[in-house]
Structure formats: structure tokens, C-alpha cells
Amino acid sequence: MPAVSKGDGMRGLAVFISDIRNCKSKEAEIKRINKELANIRSKFKGDKALDGYSKKKYVCKLLFIFLLGHDIDFGHMEAVNLLSSNKYTEKQIGYLFISVLVNSNSELIRLINNAIKNDLSSRNPTFMCLALHCIANVGSREMAEAFAGEIPRILVAGDTMDSVKQSAALCLLRLYKTSPDLVLMGEWTSRVVHLLNDQHMGVVTAAISLITCLSQKNPDEFKTCVSLAVSRLSRIVSSASTDLQDYTYYFVPAPWLSCKLLRLLQCYPPPEDGAVKGRLVECLETILNKAQEPPKSKKVQHSNAKNAILFEAISLIIHYDSEPNLLVRACNQLGQFLQHRETNLRYLALESMCTLASSEFSHEAVKTHIETVINALKTERDVSVRQRAADLLYAMCDRSNAKQIVAEMLSYLETADYSIREEMVLKVAILAEKYAVDYSWYVDTILNLIRIAGDYVSEEVWYRVIQIVINRDDVQGYAAKTVFEALQAPACHENMVKVGGYILGEFGNLIAGDPRSSPLVQFNLLHSKFHLCSVPTRALLLSAYIKFINLFPETKSTIQEVLRSDSQIRNSDVELQQRAVEYLKLSSIASTDVLATVLEEMPPFPERESSILAKLKKKKGPGAVSNHLLKTRKACLTDIKGISTPSPSADLLGLRAGPPVTAAAPSAGSLLVDVFSEAGVNDDGFLRFVCKNNGVLFENQLLQIGIKSEYRQNLGRMYLFYGNKTSVQFVTFTTTLNVQAKPVEPLIEGGAQVQQVINIECLTDFSDAPLLNIKFRYGGALQNLTLKLPVTINKFFQPTEMASHDFFQRWKQLSLPQQEAQKIFKANHAMDTEVLKAKLLGLGMALLENVDPNPENFVCAGVIQTKAQQVGSLLRLEPNAQAQMYRLTVRSSKDTVSKRLCELLAEQF
Amino acid sequence: MIKAILIFNNHGKPRLSKFYEHYTEDTEQQIIRETFHLVSKRDENICNFLEGGLLIGGSENKLIYRHYATLYFVFCVDSSESELGILDLIQVFVETLDKCFENVCELDLIFHMDKVHNILAEMVMGGMVLETNMSEIITQAEAHNKMEKSESEEQVSVGFLASALDRKQRRCIVSV
């Protein structure tokens, strides 16, 4: 018998749906719907009480109308009324309406909560499931407040039906996701973990999602799930295909659950217990072996299910990254899939191999598939597969194959799908830079990139090529020659003109000896592009022209004539006009010496993280530039001197850019400064001041800012010293603070220093530091800088001495979960006890000796003084020298304070 | 986690939409349109996975879909789900519908929206999978159906209209 019999439809509903379907036009449909809405509204408002059947019918109609994309603004109350019906049919339709139509901030929630409460305590499993579903669907905070305590009890109670347990597990998961602070597992933890052993596979299926989520958030507390998951997995994997009856799907035993178990294990490192680990390795081997067996069915579902498990097993092997034998087997298996006739498998194989390429054990094995992957990039019909192939080429690239891969990617770019071109361009640019052995190859590659896909070459890419050319004198001549040749093309991309203009302006002299690229030829070539370019490019070209006057005095009259023409000196664009006027004047009044000083060659750029890499990270989210990139980059950085940064690891991991590079020429010129200026808040120095009060907050080529500060109770005073490092005065120097400050001298003479005093009062606890904005004119250019002032909550600490007994008593008093903040983090500096002590003292709390039973640990106590209140805080720092990790726990009477202190301190050690 | 489950026909008409994260009604409709646009332009027999549309979270999410006769079944999931696993789940869902409705077709979904929702609720709850065992799901659906029947005995039962209305459109969506 079919589960849904077709005889019990509602006639009115069926007629209405047919009417809608027969509507010939959108207007007719809307008309019919409005008529129906009016009808239902009048029925709901009417005096006659509606019976359950009619209510159900109307609610169904509303649902249908909603699905068609029309707003439903009534009927909610009727649906809520249906919830309290005793009939399943009515109750069910009421819940359906609510889960589809009611959002989490509806004011009806209270009424709904009441109905749910009744159903949960009804002990009728069907009603309980309906109620649990409703909670999971709406999942609002109010619901969490009402039911977060109740549901774990239902979940682990011995007499709960299996189907209710399943629903309760997922319901709890949903509440945990929306309001983790309200779902307190504590005493339930071990019983929840043991659901993995439940006899009913459905219960395990539901529970494992809950356990996975909880393990990700609290790995330590749920550690015991590892051995349980391994034994469950092993039982499934070794079972015959008929053992699990209904959970066998096309001859594969419990594929879904197996996948989920393998996912859960990916939350943890390999098991420490040898027996557990042995059992797991055996499972993984069995899964890999099964892939080689002949299929038990020809149906695609069979191979799908089998491969779903296989891919998860491979992910786990890659995650562990510790079993060379398994890694190589995994790689071979994926290699087979790369040539499989199923597109889905090729796609997944490319994706998994991407992560595999980052493992040192299998990197070489992955590389053997390069031809297949290149072929996929060229021939796959599906763009999503081609994209995975491009990702994999990027991941498997190293010095040995960089030239081949970059060439392939470049040739693919010509036909690549528009949606992925920009990302491809970034990748090519990064690989070219990373693996450049000779820089002429690098320059060629980037110029090719601009030629092929100029529209997709972002500023970061062409900024970077200029940075590199300027910093490396062995490539400058070649670069000048190449851009000169590239500019010969009748149509060339504007980005090419920019790079060409900049490079010829700096290094045109290196190729001027050749009569085919004499100064005037160079100038005419550049100027022939001028009229086709946008304003910023024209501005850049004007700067290149004035540089030409310096490099090649013989071009002076020609260029002056160009600058003097109406189209320049009277240009409607202010920037262009200003440049034309200033450059013209400069070229006519300044002596050759002055001109030479002003227009001197650009100094090398300070080394920092490639801005392109930062852009790719931003594009893909910080986690997405997977560790293979970081790993390989680290390796290559040591090879390329001149591009590497002094501290590669810090630079790679910190997404913050270094101090703004204003790249001003050492003399008064402000030429081309705009090309590299950088906006954004600079908080580099900020964290260094958490544990100390005096020092240098900021420094670049122009300006140094020093700080001295002192704090007492909830008051503080900060002296800011602005030092001018240049020989020229800064004019209209202003600082603005988003809190009040005394004004500062508007003028700083060259080499001089001015002082500013800021008085600080802490009114209440805070997390955001005050921002200091500094603006001044240096030469002609306006400089703009925003800094975080290092005023942090811990500055207002009063140290409190106490004995061991008192400490632990207070520690226990502050036991609410939100009062505690904890972080586990890797040591950034050497773990020297004396240094740690000094830092903790600098924090402002009292460092308590002989309190913690473990002498390795540090405990501190203090009271934060704010005008509004005093916040007592306790701190415990547990170093683990072996793992080079710290665990930091802060408890205080105010949750925001604990959190903030924890964040601040985690960056210090 | 499953972010959304969408069923629409070859012309983009939605037949079922279930979102497990909150969006405004407008956004939901836009997501359906965007998803249809992404999925329908793809050839048959290519990969069943693609990156999600911008509205539903871009490349963080994947769309995993199957195309049956007149209907697209699309699951939008985040990176914590196995692609092939979800593909199997879609198959289980469709086979279950097929058993419950006896050769399910698009019209069954239209006229029995509430039942389709109920069957789905037996499988997926709050974006997580509740049950994958087909016979368990069908047992539950049958039990509910029985309850419904016993309650509506007193009410006038009316013949099922759909097949009479347009027989032409009764194309079964699965051939298992």
C-alpha cells in the first residue's frame, strides 16, 4: 500500500491549485490569488467558528501561495491555534505552517512555546517529534531559553522512543548552534558520547552530527568519542553487506554513517592508544582494499556510496598526514579516479589531491599526475572541474615544474571562463614570483599576463612587478627593453601602459643607447598611448615625462611643449592640471642638480608580504589559502633573496600589512607617492603595549611616534611625541582622536619633535581602543594615518595580593561559564620564566607566588578600576614546554572583561 | 550542514523549498531563481556539484543536484558534508517519494505539498540528517497517514483530482 493514499485530498485545495495552474498570465494568477486571500481572510475573521478541517484547508492554501512567492501576512494566529488541537492532522499542519512561515523574532513565539511545552510533556512520541521539529526549524533564542534544559534530558532518558531520541539530538544541535551559551552539556557529556554505541542506527546517525559539532567546540571534553567512533566504524566496515539490513544501501553497509564517523575522527589527531590506532588503520586499509574489488552491483548508487566512504577515508588519511604508506595508496587511488569516466569522481579526485599535495610524504607522488591534470584543464567540459584542475596545478607547483605549469595556466587563460579569470591571474602572478629563478622570466610572465588578460590584472599584480623591478637592479635593463617592445603593439592594455610608463620613467636610460629606443622614440611611444588612457594613467604618464626630462635633457623642449599645451595645463581634471603646471615650472626653474635630486631613482621598497598573496587570501577567506601554499612559500622564501622578508613565518601568518609604505623620495619630491599609498587602520604597534607603557608606537620614513604613559586607579595620562624624521617641515599637522584631546602644534619643523598630552579616564570596561587619526602635509602630499592608541583595559588594574586559600575560593565563586574565558595557543616567543614574569607584572596584576600547586603555572589577581564599577579578575597561565603551547584562563566578574583580557594576552607570549 | 533543499521544475517553478537558515522571503525567492539559473544551464551528464550562488554564500557552499525528468532536486550544503553522500541522500529522498506516492510525479508534489514536507522532515531536521533508512522513513509516513485517515473518516473524502485534470503531465520522475 502506498503510504500516501490519493483519495484523501482536500477538494477546495485541489480546485484552487488547478485554477492557478490554468492561469494563462501572471496577472491572472495574481488576481486569482488575491481573490483567494480575500476569501480566506474573511473566513478567518468571520463570526462562524471554523472546524479543524477548514482551518487545515485554508492553511494549506496559504502555504501554496507562499511557495509561489507571495507574501503572507495573516493566518499565523490560526496556525498557532491548530497547535493546541488534539488531532494529529491539525496539529501537524499548524506546525508545518509555523516552521515554513514564522521567523525567529515573531511575537508569537511565546504562544508557540506554550504549545510546544504541552506536546513535549505529552509522552505521545508523534506529538513530541512534531514539537522538536518545530524547535529545530525556528531555533530562536527564546526557544533555546525555554527548552535548552529540557531537551538533553529527553535525549538520554532510558524510556525515550528511538525516533524521539533522534529528533532530540538534532534539536539540541540546532539550539547549540544558535545559543551555545544556553546549552550546557556538563553532566550529559559522557551519556551523549555513548549514544555512538546505541543499538538503533538511526539514533547513532542523528547523534553523530551533534557529537561532531560539540567536539569541534570542546575537543577535550569529548575526547572519549574517538575510541567509540573507531570501534563503531570497524564494526560497520567489517560487516557483510546484509548484516545491517535496512541500513545497507545498494550493497554498501551504512554509507552515510560511515562517512560521518570518518568526519568526526577528522576533528582529532591520530589516536594515541596503540590498539585503537591499529584498529583504525585496519579499517582504512579495508576501505582502500574494497575500492579494488569488483563492484557488487552495476548501479551508479552502489559505486557512489562506496566512493563516498572512500573519499572520507582519504580525507582522514590526509588529515593525519602521518602514515606514508596510506598516503601513497590514497594518492594512487585518486590517480585512478582522475581518469575515471564519471565526472563526479574526477572532480572529487582533483579536490582531494589539492590537499594531498601539501603533505611532504605525497607531494612527489601527486606531481607524477601533472600531465593528466593539465589535460583535464584543457579538455574537461565542465567549468567546475576545470577550476579544480587549476587549483590542483597551483597546489602541486614547485621549482621543478613551475615553468611548465605557469605556461599551461597562461595558455588556458586565453580561453578560460570569465568567472575564474581574476583568480587565475592572481595564481599565475604568485607562482611566477615564488618560483622565479631568473627575473627576466618573471617579467615576461607578468607582461604576458597583462597582454592576455589585462582586464583581470588587478592593481596588486602590476604594483608588485614594479616593486620587484625597482628592488632588483639586475633585471631593470631587461624590463625596460621588454616593456618597450610590448608597447609597440598597436593595441595594448592600459595596465601595460602603466607598467611601461613607470618602468621607462625610471629605467629608460638603460636602453637609450640603442638608436631604435632613443629617448625621443621612447617618449613618442608613450605619448602615443596617452590620449586613450584614463585619468590616473595619464597622471602616471605625466610623472614619467618629468622623469624623462631629468634622464634625458635632450627631450626637455619636446616635453615642455606637451606640458604647456592647453590640453594639459588647462585640463579640466584638477590632478592632471596640477601635475602639468608643477612639472612645467619645475623643469624650467630648477637647476639640473635640484632636478636630479628631486627626480632621483626610486629607492628600494621595504620588503613585506606580497600584496598579491594577501589579495588571494582575502578573496578566498583566510582559511582557504591552504597550508600547502604557506609551506611551499616558506621553503622558497629562503631561496629568493631580495623578495623574502626578514621573518617569513611572522609575515606569512599575519594578515596585517606592515607599516604603510609611503615610498617618498628622500628629498622633498612627492612624485609617484600615490602609487603605493595605503589606507586602513594600523594596529601593528598596538599589541606591543599591552604589557608595557613606554616605547615607539609607529615609525616610517617620515614620522616617528613615541609614547609615555602612566595610570593610577581609573585615570591615565599619555604623552605622545611626534618626531619629524625628514629635513622638511610638516604643515597643517592635525591629530584627531575619537575621544577628546588637546590640540597639537600644527607645524613640525624638520628634525623636530612635538608633544601632545592626553588625559584618560576609564568610565566603564571597553574592548575597542581609541583611534588616533593623523593628517599632515609633507611636501605637497597629504599624509593620512590612523593608529590604535594602546589604551587597553588592563591598564586600569590594581594588583591584589592574596593567599592560596583566598585565591581558590574566589576562583570557585567565579564559576559561571560566561565569567570564564579560555584560550589555548602556540608560543610565539621562547618560554623563558623570567620573561613571562616580567610580562605578567607589566600587565598590572599581582603575580601570586606559591598559590598554584604546579610551580610551572602562573596565577595573578587584580581589580580593574573603572568609574562605574570595579571588576575583580583572576588569571592562570599554564605553559606546556613540551608542546610549546599555553593555556590561558581568565575569570572575572564581568564576561566582556574576561573575553577582552584573554584576547589581549593571547597575543603576548 | 544542509543550508537549503529546493525542488523546481525545468521551467524554474518551485515545487518545494525548505531553508534551514533564516532568509527574508524576498531573498528566498531570489535564491531559488539564482539556483535555477545556475543549475539549468548546465549540460546533462556533467558533474553534479558546483559552487553555490552568491546569495547563499558563494564558494563556501556547494550545490549538489540531480535532475529527474521534469524536476531538479537541489541540496545546498556547506563543506562539512560529503558530496557523494548527499547525492545518495537525494536518491533516498526520491525513492522514498516514489514508494509513498506510487510512481511519484511532479503533480504529486504540487497537490500534496504537506505530505512531501512531512517525508522530508523524517529525513532532515534543522539542516542535519535524521534518518537515511528508507523503510524506517516509509513506516513513519504510513503511521502518520493512518492517523490522518482515522481522524478524517467522518469527513467527506473526495477523489483525487490531479490525474483527471491533466493526465498528460503525469510523467514519473524516477525509473528505479
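How many of the eleven residues of helix 4 (residues 113-123) of chain B are buried? In this predicted model, ten of the eleven are buried, and helix 4 of chain B is therefore mostly covered, where buried denotes a relative accessible area under 20%, exposed one over 50%, and partly exposed a value in between (1.4 Å probe, protein chains only). The buried residues of this helix are B:Met113, B:Asp114, B:Lys115, B:Val116, B:His117, B:Asn118, B:Ile119, B:Leu120, B:Glu122 and B:Met123.

Residues are numbered from 1 along each chain as its sequence is written, and chains are lettered from A and ligands numbered from 1 in the order of writing. Because the model is predicted, local features require pLDDT of at least 70 and side-chain atom pairs count only at pLDDT 80 or more, whereas totals for chains, interfaces and linings use all residues; side-chain values use heavy atoms, with hydrogens and water left out.

Chain B contains six helices and seven strands, assigned as DSSP runs (helices: H or I, at least four residues; strands: E, at least two) and numbered from the N terminus. From that terminus on, the order of elements in chain B is β-β-α-β-β-β-α-α-α-β-β-α-α. Of the 176 residues in chain B, 64% are buried. Among contacts in chain B (heavy atoms within 4.5 Å) with a separation of 6 or more, 54% are between residues 24 or more positions apart.

In chain A, four strands form an open antiparallel sheet in the order 4-5-6-8, two strands being paired if DSSP finds at least two bridges between them. Strand 4 (695-699) and strand 8 (753-761) of chain A are the edge strands, each pairing on one side only. The twist averages 25° from one strand to the next, with axes fitted as lines to C-alpha atoms and angles running from 0 to 180 degrees between N-to-C directions. Strand 5 (residues 703-712) and strand 6 (residues 715-724) of chain A run antiparallel and are joined by ten bridges. A:Tyr711 stands opposite A:Gly716 in strand 6 of chain A.

Because 13 of the 17 residues are buried, helix 29 of chain A is largely enclosed by the rest of the structure.

Most residues other than glycine have a negative phi. A:Phe251, although not a glycine, has a positive phi of about 70°. A:Phe251 is found in the loop between strand 1 (248-249) and strand 2 (252-253) of chain A, and is partly exposed at a relative accessible area of 43%. A:Ala254, likewise not a glycine, has a positive phi of about 40°. This alanine, A:Ala254, is found in the loop between strand 2 and helix 14 (255-265) of chain A, and counts as buried at 4% relative accessibility.

A search of the whole structure finds zero disulfides over all chains, a disulfide being a pair of cysteine sulfur atoms within 2.5 Å. For A:Cys492, which is in no disulfide, the nearest cysteine sulfur is that of A:Cys533, 8.0 Å away. A:Cys492 is partly exposed, with a relative accessible area of 22%, while A:Cys129 counts as buried at 13% relative accessibility.
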